[in-house]
Structure formats: structure tokens, C-alpha cells
Amino acid sequence: MSFCIDLKGKNAVVTGGYSGIGLSVTKTLLAAGAKVAIIGKNYDKFSSIASELEKIKGNAGFSFYESDISDSGGISKTIANIILQDGKIDILVNNAGITKDAILIKMSDDDWNEVINVNLNGLFYIVKNVIKYMIKAKAGKIINISSVIGESGNAGQANYASAKAGIIAFTKSIAKEYASRNIYVNAIAPGFIGTNMTDKLNETVKDNIKKEIPLNRFGAPEDVSNAVLFLASNLSDYITGATIDVNGGMYMR
Ligand code: NAP
């Protein structure tokens, strides 16, 4: 018996797939044989990692679509373009996200709206556009990147926590709506993972956070992309509507 995950012939879309966790997801899916379309806001950031991707792409290709996920009209055109180019989307990884931290009394309307617009509304726009093609294909794997903060809450992150909790509720609802069409919808809730997002924290804050993590360390982007690979593959074919915690034990339900 062999458990090598093979995604040859599968087409994936990864939002924010050129940095941090998203870059690790792109590399992992390419290494497993999938073709990957990256959606991101910044062509220069994509081009700075394109040569890295060339080395691991094998026979599968990768492409870049410049698009802001919080722009509903733009995302609709982008997904239509991806379908025009690639013909289908088998795997969608909603990874892009931002933080704008402040305690509530200092949180501006803009800080609130921007985080909800990118992290929650953006995900809604993409899934709504992609799922119609998955319905026609009677197949699809959707993986939404939430956060431990969406489960536990966090002082200074009411906007981010609300968006990430919303992603978990959205995941369960869409999983129920489309299970009969063979479309799987799951979430991953990472804990603290070493990326640009967490590099912003100062060393004292990082040390304090580590004390709350039973495994006593931050995770690596690969810890998350390994879970994405599992959810993208047929090894997870009896799992839908779930949230997988990748948090070193920081939060246990
Ligand atoms: P990151 O390196 O900052 O990556 C975020 C990605 O999202 C970037 O590629 C960014 O592109 C993209 N993005 C942001 N706004 C966008 C928009 N409007 N349209 C399109 N793309 C956009 O952070 P990360 O840590 O890898 O985070 C990836 C995901 O994991 C996020 O959803 C985050 O909330 C979640 N997460 C992270 C951690 C952690 O500890 N790192 C923990 C839990 C959950 P630009 O760089 O061009 O803006």
C-alpha cells in the first residue's frame, strides 16, 4: 500500500500564493503535480519568486493573476480568465489575509472594514465565482485559511477574529450546501506561524506567545501547507465542513 499524494491533472488556485503560508502552499501543490494559478495584488512580488517555482514545477505550470480579492467585479473577471486559460478549477485555497490590529476604542472604521473586506468578503467573492464551475464539474476541494484567533478571540484583534470566525461559519454552511455536488469545503486554523505577518511582533511578545503553546515554538508555513495538501487530496474524501487546527496545541476545542 502506498500513500503518495498525486495531484497530477488537477488545477489549483491559491490567493496570496507568492508569500508566507501561501507560497508554501503553491510549492507543495506544484510538487504534488498540480497546476497552480496564483492570485495576488503585486506582480513584482510574484516575479521575485517565479524562478523558485520554475525549479519545482515538473510538468505542471503556474501562472499569476493580478487581482485584489476585495474587489468583487475584478475577482469575477479574474476567475473567468483562469477558466478561459485552464478550463477548470479543482482546488481553491483561500489564503490571502491581512491584519489591522487595535484595541476596540482605538479601532477606526477603516481598520474594521478593510479587514472584513479582505479576509471575509474577499473569500465570499471568490468562492461564489469558483463554485459555479465546481458544480458543473460535480467536484471540488475548497480550503479556507482561518486562524486560531477566530476560535479563541484575541485582545486587539476584534476585526481579524470576527473575520476568521466568519470564515469557519461560512465553511460549514457552504459544505452543507454543496456536499451533494461532491464539493468539499474545509478550513484550517493555524496558530502562530513564522511569516511576515508574525515577524511584525517584538521578541517579548513572541516569547510570551510561545509560553501559551504546548509545543513551545511557532509553526512553519510547511506545517500549514501539509494540511492543505491532505485536504486537497482524496485522502480527505470523508471530511467536509471541518476546521483543522495547526497550532502546536495552543487552542484545543
Ligand atoms: P503574509 O505573508 O502577509 O501573506 C498574506 C498574503 O495575502 C500576501 O501574499 C498578500 O499579498 C495577500 N493579500 C493580502 N491582501 C490581499 C488582497 N486584498 N488581495 C489579494 N491578496 C492579498 O501572511 P501569512 O502569515 O502567510 O498569512 C496567510 C494566511 O494565513 C492569512 O489569511 C492569515 O490570516 C492566515 N494566518 C496566518 C497566521 C500566522 O501566524 N502567520 C496564523 C493564522 C492564520 P501582498 O503581500 O501583496 O499584500
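In the predicted model, Lys-138 is located in the loop that joins helix 4 to strand 5 (140–145). The phi angle of Lys-138 is positive, about 55 degrees, although the residue is not a glycine. Most residues other than glycine have a negative phi. Lys-138 has a relative accessible area of 57% and is therefore classed as exposed, the cut-off being over 50%.

A positive phi also occurs at Asn-216, again a residue other than glycine, with a value near 60 degrees. Asn-216 belongs to the loop between helix 8 (203–211) and helix 9 (221–232). The relative accessible area of Asn-216 is 51%, so this residue is likewise exposed.

Helix 4 spans residues 109–137 and includes Asn-129. With a relative accessible area of 11%, Asn-129 falls under the 20% limit and therefore counts as buried. The side chain of Asn-129 forms a polar contact of 3.2 Å with the side chain of Ser-76. When residues up to four places away in sequence are left out, Asn-129 touches Ile-75, Ser-76 and Ile-79.

Gly-16 is placed in the loop between strand 1 (11–15) and helix 1. Its relative accessibility is 14%, so Gly-16 is buried. Not counting residues up to four places away in sequence, Gly-16 is in contact with Gly-22, Leu-23, Ile-39, Asn-95 and Ala-96. The C-alpha atoms of Gly-16 and Lys-41 lie 8.0 Å apart, with a separation of 25 residues in sequence.

The packing of two helices is described by the angle and the distance between their axes. For helix 1 (residues 20–31) and helix 2 (residues 43–56), the angle is about 25 degrees and the axes are 9 Å apart. Because angles under 35 degrees count as roughly parallel, helix 1 is assigned as roughly parallel to helix 2. The crossing of these two helices is right-handed. Helix 1 contributes Leu-23, Thr-26, Lys-27, Leu-30 and Ala-31 to the contact, while helix 2 contributes Ile-49, Glu-52, Leu-53 and Ile-56. By class, the residues of this contact comprise six nonpolar, one polar and two charged.

Key
Residues numbered from 1 in each chain as written. Predicted model: local features only at pLDDT ≥ 70, side-chain atom pairs only at ≥ 80, totals over all residues. Heavy atoms only, no water. Helix = DSSP H or I, 4+ residues; strand = E, 2+ residues; numbered from the N terminus. Buried < 20%, exposed > 50% of the residue type's maximum accessible area, 1.4 Å probe, protein only. Polar contact = N/O pair within 3.5 Å; in protein donor to acceptor, adjacent residues only side chain to side chain. Contact = heavy atoms within 4.5 Å. Axes fitted to C-alpha atoms, helices over the stretch in contact; angles between N-to-C directions. Parallel < 35°, antiparallel > 145°, perpendicular 65-115°, else oblique. Left-handed = near helix turned anticlockwise from the far one by under 90°. Nonpolar A, V, L, I, M, F, W, Y, C, P; charged D, E, K, R; others polar.
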